[in-house]
Amino acid sequence: MNTSKIREAIGLLNSMVLCGEKHSEQSEAVVKAAIDELNKPYDIEFLSEQVHNAWWEEKKQQGFHAPDDCGWRNKDVLNYKFHKWCDKCHTDMYPYAELPEHIKDYDRVTVRTVLAAIKKMEEV
Ligand SMILES: [Zn+2]
């Protein structure tokens, strides 16, 4: 979320209320931009990709690697994608766009759960 647009609108509304600054076409545009920002739907796919990348980084820290980077990989095998060559191969360590839908769903569930939790927090 672009919070600068929201902060700008709050600042403007504040000066209108406290200092009697007059309503104008410009102030209307600032408030409209803030409302649009608040109503903007979240891009679930973008967020899911970020979650996947963070998960990947975490797995790397734990000593896992992508099958493509495995030292045990047999380069003569043509269709090696998603193949586990050793114990430290993780078959989900591919760019988000290359993952099968049922694997992407893990990240989507995480994103939707966090967004729902934030919404719940904001309601209380
Ligand atoms: Zn391996």
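Start where helices H1 and H2 cross: the crossing is left-handed, a term used when the near helix is turned anticlockwise from the far one by less than a right angle, with clockwise being right-handed. Helices (H or I, at least four residues) are DSSP runs numbered from the N terminus.

This is a predicted model, in which local features need pLDDT of at least 70, side-chain atom pairs count only at pLDDT 80 or more, and totals for chains, interfaces and linings use all residues. Residues are numbered from 1 along each chain as its sequence is written.

Select residues 3–19 (H1) and 25–39 (H2): their axes come within 8 Å and cross at roughly 140 degrees. H1 is therefore oblique to H2. Axes are lines fitted to C-alpha atoms over the stretch in contact, with angles from 0 to 180 degrees between N-to-C directions; oblique covers what is left after under 35 degrees (roughly parallel), over 145 (roughly antiparallel) and 65 to 115 (roughly perpendicular).

Next, show the side chains between them. Lys5, Ile6, Glu8, Ala9, Leu12 and Met16 of H1 meet residues of H2 including Ser27, Val30 and Leu38 (contact: C-beta atoms, placed from the backbone, within 7 Å).

Stay on H1. One of its 17 residues is buried, so the helix lies largely in the open (buried: 20 or more other C-beta atoms within 10 Å of the residue's own, C-beta atoms being placed from the backbone).

Finally, select H4, residues 101–123. H4 is hardly covered, with two buried residues among its 23.

Key: Contact = placed C-beta atoms within 7 Å. Buried ≥ 20, exposed ≤ 12 C-beta atoms within 10 Å, placed from the backbone. Expected span 1.5 Å × (residues − 1).
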